[in-house]
Structure formats: C-alpha cells, structure tokens
Amino acid sequence: MALAIDKDGGSHGGEEHQTTTGLPSTKLAMWIFLASECLLFGALITTYVLYRGVSKTGPYPGDVFDIPYTSVSSFVLLASSLTMVMALVAAQKRDVVRMRLWLLTTALLGLTFVGGQVYEFTAFYHEGLSLSTNLFGTTFYVLTGFHGVHVTVGILMLLSLVGMSAADRLPDDAAFPVEMVGLYWHFVDIVWIIIFTVVYLIPTGPDVVR
Amino acid sequence: MADTESRFQEELGAEDLADPREALAPHREHPSAKEYIRIGVILAVLTALEVASYYVDVNTSVLIPTLFGLALVKFVLVVLWFMHLRFDDRRYARFFVMGLALAATLYLIVLISFRAFLV
C-alpha cells in the first residue's frame, strides 16, 4: 500500500504523518489551490479583455500607462522569484542565516513592487482615472488590485517565515515550508507575466494613444 | 475504506513506494543555484525583449503573437524550474494543468462568444 509521510510545514514542529495519496498533502493542496487561482485570475483577465477599447470617455490606457516604469516593476517581481529559489537552496542546505537573508530580500522586492503599484494607482487617480470613471478603470483596477493583494499576502507569508525562523519555530529542515510559500510566490509572478503582456504591452484598439 | 483508498491511489497513479519517505523527496534532484541564476537571466532577457518589442513599429498581427510567445516561454520556465514541476511528482503537474486547461477553455469560449479579440 502506498503511504507517504507528510511534513506539515512546520506547523506541528515538523511532525510527520501518513497520507493515502503517497504525496505530502500540504503540497498537493497548494497545487490544487493554485489551479483554482487560475480560474480567479482567468475571470479577471477575460473581463479586462472583454471590455478593452470600449470605454466612451477617457482617460484611456495610452493616456496613463508609463511602460518604462511598469517594466522596472516587472523586473523587480521577476528578480524576487530568483531570490525566492535562492532562499530554498539555502534552506535545503540548512543555512538558516542565508535563508533568512534571501527571504527578506524577496519580501523587500515584493514591497517595492507593491509600493510601485500604489504610486501608479495614485498617479492614475490624479490623471482622472478612478474605479468608476470608465470600463477601463473598473477592469484595470480590479485586475491589478487583486494581483497586488496577492503579492501583499505573499509578503506577509515571507515575513512570517522569517519571524518563525527567528523565533526558532521552524523545523531544522525548513525547506518544506519555504518551498510552499515559494510556490505561492512564483504563482503570483506568473500571473504578472500574463497581466504585463495583456494589459500593458498589447496595444488597445482605437482608443489607444501611443 | 481500504478499497476506496486503493482505488483513489490507482486513479491518481500512486506508486507503491518501498520507503514512504521517498514521496517527500523531489522526484528528480532540484536545480542548483547556478541553474536558477541561468533561468533568471533568461527570464530577464525575455522581459527585455518584450519591452523592446513594445517600441518597435510592427503590425499588431506580428506583435501580439510574439508577445504571447515570449510570455508563454517565461510562464513555462517559471513553472517548470522555479516551481519544480519538471522535477517533482507528475501528479502535481496534472492537478495544476487541469485547472489551467479548465480556465483557458472556459474563458476562450467566453471571449469567442462575445467576439472579443485582441487584434
């Protein structure tokens, strides 16, 4: 009979228990959760595409988008994915100091991204684009706002990991919880890869000013 | 109960593990730090290409497939290497691809129904 030991992400001090699937249930649950998130973000992206180019009043995407600025934000988020896997490498080597350092760097890069998004939203608002200005404003803020909330949750998870590590509440082999948080973090990154292309880089119909 | 369990395992393709702890270990060895950095550099180059293509004056019928192609390569690289789907048990990939395929099919039907195209 195929039974596996499930490491419970440290929540029970690295306690192991058997699973019937032969896979750690925490990791399986994370992948199923991420699969369900595809449907959530798919709905938001589809709604944006459905209503793109149909706003009757401005501001339009071409009036407000600052591609160089958003490109830097994209690079920052991409870099955070690299620092996340570096944290995992350190955790696998049981190098706690480097693991904490990489986790903090990832959180810092995430904060930079979210800070950039807050600045962007503020700038757009001052240019006259609010949630209720037009269909572009509504679909844009909801889509990118939901993504920003996900990044913020990811930052909290990263900081929690660092805090738990500092309080010595992570198991000696912290690779598993780091990998779980990493899966979520990389998912947030791949969602941005799609958003950056669909929302920012693909020119929008007749209302675009490039 | 035991029968249900074994049927569940069969459906999921669970292998009979000699040592249950094997399930915790990656199916194949996870990449090294150097390999991660190499993937990171490739991702940065692809992003730079995406941004550069925005400023090139080309027809949208060429630009849009190019941008989608670059985004797809980046997506696959992150999922396979950084999220380890290339190295872990295939059942994780099955669950994720199921959700992804469901979302893609559903929303493609919606977009086609409403004749909402990107070009």
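User: Which residues of α3(B) are buried?
Analyst: In this predicted model, the buried residues of α3(B) are B:L67, B:A71, B:K74, B:L77, B:V78, B:V79, B:W81 and B:F82.

User: And what do those buried residues pack against?
Analyst: They pack against α3 (67–92) and α6 (175–201) of chain A, and also against α2 (33–55) of chain B.

User: How many residues does α3 of chain B have, and what does it reach from first C-alpha to last?
Analyst: Helix α3 of chain B covers residues 60–82, which is 23 residues, and it reaches 31 Å from its first C-alpha to its last, close to the 33 Å expected at 1.5 Å a residue.

User: What follows α3(B)?
Analyst: α3(B) is followed by B:H84, a residue whose phi is positive, near 65°.

User: Zooming out, how many helices and strands does chain B have?
Analyst: Chain B comes to four helices and zero strands, so that the order from the N terminus on reads α-α-α-α. Of the 119 residues in chain B, 22% are buried, and among the chain B contacts with a separation of 6 or more, 68% are between residues 24 or more positions apart.

User: Changing topic, which residues touch the most other members of the largest nonpolar core?
Analyst: Those are A:A87 and A:V178, in a core of 77 residues. The elements giving two or more residues to this core are α1 (25–50), α3, α4 (96–126), α5 (135–166) and α6 of chain A, along with α2, α3 and α4 (90–113) of chain B. The largest share, 20 residues, comes from α6(A).

User: What does A:A87 touch, leaving out residues up to four places away in sequence?
Analyst: With those left out, A:A87 touches A:M99, A:W102, A:L103, A:T106 and A:V178.

User: Back to the helices: at what angle do α3(A) and α2(B) pack?
Analyst: They pack at an angle of about 170°, with their axes 10 Å apart. Because angles over 145 degrees count as roughly antiparallel, α3(A) is roughly antiparallel to α2(B).

User: Which residues meet there?
Analyst: From α3(A), the residues A:I67, A:S71, A:S74, A:F75, A:L78, A:L82, A:V85, A:M86 and A:V89 meet B:A33, B:Y36, B:I37, B:G40, B:L43, B:A44, B:T47, B:V51 and B:Y54 of α2(B).

User: And what's the make-up of that contact by class?
Analyst: By class, the contact of α3(A) with α2(B) has 14 nonpolar residues, four polar residues and no charged residues.

How values were computed:
Residues numbered from 1 in each chain as written. Chains lettered and ligands numbered in written order. Predicted model: local features only at pLDDT ≥ 70, side-chain atom pairs only at ≥ 80, totals over all residues. Expected span 1.5 Å × (residues − 1). Buried ≥ 20, exposed ≤ 12 C-beta atoms within 10 Å, placed from the backbone. Contact = placed C-beta atoms within 7 Å. Core = buried A, V, L, I, M, F, W, Y, C linked by C-beta atoms within 7 Å. Axes fitted to C-alpha atoms, helices over the stretch in contact; angles between N-to-C directions. Parallel < 35°, antiparallel > 145°, perpendicular 65-115°, else oblique. Nonpolar A, V, L, I, M, F, W, Y, C, P; charged D, E, K, R; others polar.
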